[in-house]
Structure formats: structure tokens, C-alpha cells
Amino acid sequence: MNVTGRRLNAGAAEAGKALVEVQGLRCVFDLSKPWLNRLIERSARVSLTAVDSVDLTIKEGETYALVGESGSGKSTIARMAVGLLKPSAGTVVIDGTDVWGKKSMETERRMRRKIQMIFQDPFASLNPRWRVGAIIAEPISAFGLIADAKDRHARVGELLSLVGLDPRDGQKFPHEFSGGQRQRIAIARALASEPKFIVCDEPTSALDVSVQAQVLNLLRDLQERLGLTYLFISHNLAVVRHVATRVGVLYLGRLVEEAPARELFSAPQHPYTRMLLEAVPDIAMEGRERLAIAGEIPNPVTPPPGCHFHPRCPARLPQCDIDIPLPKRVGEAAVRCHLFDPSQ
Ligand SMILES: Nc1ncnc2c1ncn2[C@@H]1O[C@H](COP(=O)(O)OP(=O)(O)OP(=O)(O)O)[C@@H](O)[C@H]1O
């Protein structure tokens, strides 16, 4: 992303109203065996808290990136945000509509139209037996956007051009395209319902490095042209630095730090954020001591008490293994760490 584009984006985000409001979001998976087995084996119920009390707000025109190691809860939040997975607690409100609240069929349909998702593996998400034109036309018909077949065909051609493909590509099947082109088709299909909010779940991680930048640039251009808002999920911080206006860092289901992207990359506050940045060779750590943090991510079924990160944190305080840190806010940033002093 060029610097000018990024500034425009950030400006739009500052001016924009909140489009997505997530409050107290929680997801607990029940991993227990069936009750009869539990009775015979005298075993207890087992649960896994994949997402724990997550609050976040995404403004119109913003790209909010969720980062964290594998298993931190990124995809689970995305699935709850788009209505694919019911939260155990909490709310997701998108453009004024509660995603999981009771609503009329018409409100539900209008809401679904506004929310789309792009997945990591474009091949798996495209029906191999359908021509590309039919794949892209499907949401247009499903949402009753264009009734006339000729006009729908023209719109499919328009969408293919918008993502940098030839309008005649609609005649082909997904296997006739490269990975990057297939991701463009998936993007065209996502755009077909004229959404406002798109969740991009690792949209470039299955692609060659040379193609990744092209797809990221396409997403950015589409955002500027169509005023889209993105929730961008990635474990790749170099990619996140390229696209995000705001970043949330997840550790074992909890949001441990949240800040405007430039702030987070230039002055990370949480020891876990610093550890993640250290792992990216091209992110400079000038003026900051590199923390030597070792250890594996703990078993999410039995997470450490207090701050989940404390067993891996070299600077931990006595209270870190007892008290759950609450978010401390400074300006547009929030940090959940006992070590963090907002007055400094
Ligand atoms: N359907 C499920 N049933 C039980 N546990 C699940 C289920 N889906 C996810 N989990 C668990 O929830 C936790 C969070 O998973 P999630 O896929 O959201 O993490 P992630 O940060 O997206 O990881 P990755 O980067 O590997 O995709 C993990 O411990 C995972 O094993």
C-alpha cells in the first residue's frame, strides 16, 4: 500500500461512524464426552473458552486486523461476526442490526447482504462444477438484486472487470484459473451482494508471495472505490502492517492490546505484542529492548489463571498469575497488562 492511500484510509476511518460493534463476545466449546461415557468413566465435563469477553469497534472504511498465534480465536470471532457461529454470550451489531438478535426475515436478508466473507482457500470456497459466471451471479439472484438474466450477465462481467479479470472469464470453470485469479473470483462473488462489511480470513496465506501483494492491493483499491470496511484476519504481521488501520492482538481468546496500526507497530505495549513483532525480521525494534520470551502457547482447555500470558512473560509481577488485567485506555489504544502504566 502506498503511503498516500494509507493516509486517505486512516482519515476516512477517523471520520467514519462505528459500523461493527462487538461487546462481551464469548465462545465456549463443549468438548465433553456423551453423558453415558462420562457416567461410566466418572469423568467431568470439559470445555474450551475460545473467545473471552472481547469488545471491539470497527469504523466505516477501516481495516481492523486481528492478529495472534494459531488457536488464539481469530477465526472464531470472524465466524460469530458474520453469523456463522452463535456466541455463548455477547453481541455483534452491524450497521445497527444485532446479528444474533430476533428480527424479521426481511431485516435478516438485508443484513446478510451487507456482510460477506473471503476465505483462505479460494478453491475450496468455489463450487468446481459451476461456471465462474454462475458462481458470481448466485448471490445476485439469491438476494433478488437483478431479475433480468441479460442485466445479471452484464453485472457479472462488470464484477469480473472490477477484480481485474476478463468479463469473458465467466464462461470458464474455477480449475482453469491460478490461485490468485481464483481469489479474485471469490472477491467478485463477495462483492456481488453489494456488501458494506467484508471479513477477510487469511485471504492471501494460500497464495505465492508474488501474488499476495497483488491481491492485497486489489482489496485496498476496492475499499477506496466502494467504501468497504474490512475485518482482516492474519497471523502474518508484515501483511497486517501493509493493510491495517487498526490492530487487535489476541492471546488465548482475550484481546490483550488494541491500537491504531501505526502506533502498535511503532510502540507495542503488551509483552506479547512485542514478542509477535520480534518474530518478524523486517520490523525494526530500534530503541526497544528485545524481550527474550520463550515457551509454547498453553493448552486452551486449562489456560493459566490471571493473565493467560504470565508463564511466558519475563517481566511478570506477583499479581499476574492471580488477577485478570482489565483494559487500560490511552487515547485510541487499550492494553490489558498489569505492567502497563497509562500515565507514562
Ligand atoms: N468447532 C470447534 N470445536 C472445538 N474447539 C474449537 C472449534 N473451533 C475452534 N476451536 C478451538 O478454539 C480455539 C480458537 O480457534 P480459532 O480457529 O478461532 O483460532 P485461530 O486464531 O483462528 O487459529 P488459526 O490461525 O490456526 O486459524 C482453538 O483452541 C481451537 O482448537
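**Sheets, packing and core**

In this predicted model, eight strands make up an open sheet with mixed pairing, in the order β6-β7-β8-β3-β9-β10-β12-β11.

Q: Why are β6 and β11 said to stand at the edges of this sheet?
A: β6 (115–118) and β11 (328–330) each have a single partner strand, so one side of each is left without a neighbour in the sheet. On average, neighbouring strands of this sheet are turned by 20 degrees against each other, direction ignored.

Q: What makes β3 and β9 a pair?
A: Two strands pair if at least two bridges are found between them. Strand β3 (residues 63–67) and strand β9 (residues 246–251) have four bridges, in the parallel sense, and therefore meet the criterion of at least two. Within this pair, Val67 stands opposite Val249 in β9.

Q: Which strands of the eight-stranded sheet does α3 touch?
A: Helix α3 packs on the sheet by touching β3, β7 (197–201), β8 (229–233) and β9. The direction of α3 makes about 150 degrees with that of β8.

Q: What makes β1 and β4 a pair?
A: Strand β1 (residues 18–30) and strand β4 (residues 89–94) share five bridges in the antiparallel sense; the criterion is at least two bridges, so the term applies. Val20 stands opposite Ile94 in β4.

Q: With which residues is Ala81 in contact, leaving aside its neighbours within four places in sequence?
A: Ala81 is in contact with Val20, Val22, Val92, Val199 and Leu231. The term applies because the C-beta atoms, placed from the backbone, lie within 7 Å.

Q: Which residues touch the most other members of the largest nonpolar core?
A: Ala81 and Leu231 do, in a core of 83 residues. Helix α7 (residues 179–191) gives the most to this core, with six residues.

Q: Which residues does UniProt list for "domain: ABC transporter"?
A: The unreviewed UniProt entry lists residues 34–277. Over residues 34–277 the chain is 41% helix and 22% strand, and the end C-alpha atoms are 42 Å apart.

Terms used
Residues are numbered from 1 along each chain as its sequence is written. This is a predicted model: local features need pLDDT of at least 70, side-chain atom pairs count only at pLDDT 80 or more; totals for chains, interfaces and linings use all residues. UniProt positions are given in the numbering used here, feature names are shortened, and annotations may be inferred rather than shown by experiment. Helices (H or I, at least four residues) and strands (E, at least two) are DSSP runs, numbered from the N terminus. A nonpolar core is a set of buried Ala, Val, Leu, Ile, Met, Phe, Trp, Tyr and Cys residues joined through C-beta atoms within 7 Å. A residue is buried if 20 or more other C-beta atoms lie within 10 Å of its own, exposed if 12 or fewer, and partly exposed in between; C-beta atoms are placed from the backbone. Two residues are in contact if their C-beta atoms, placed from the backbone, lie within 7 Å. Axes are lines fitted to C-alpha atoms, for helices over the stretch in contact, and angles run from 0 to 180 degrees between N-to-C directions.
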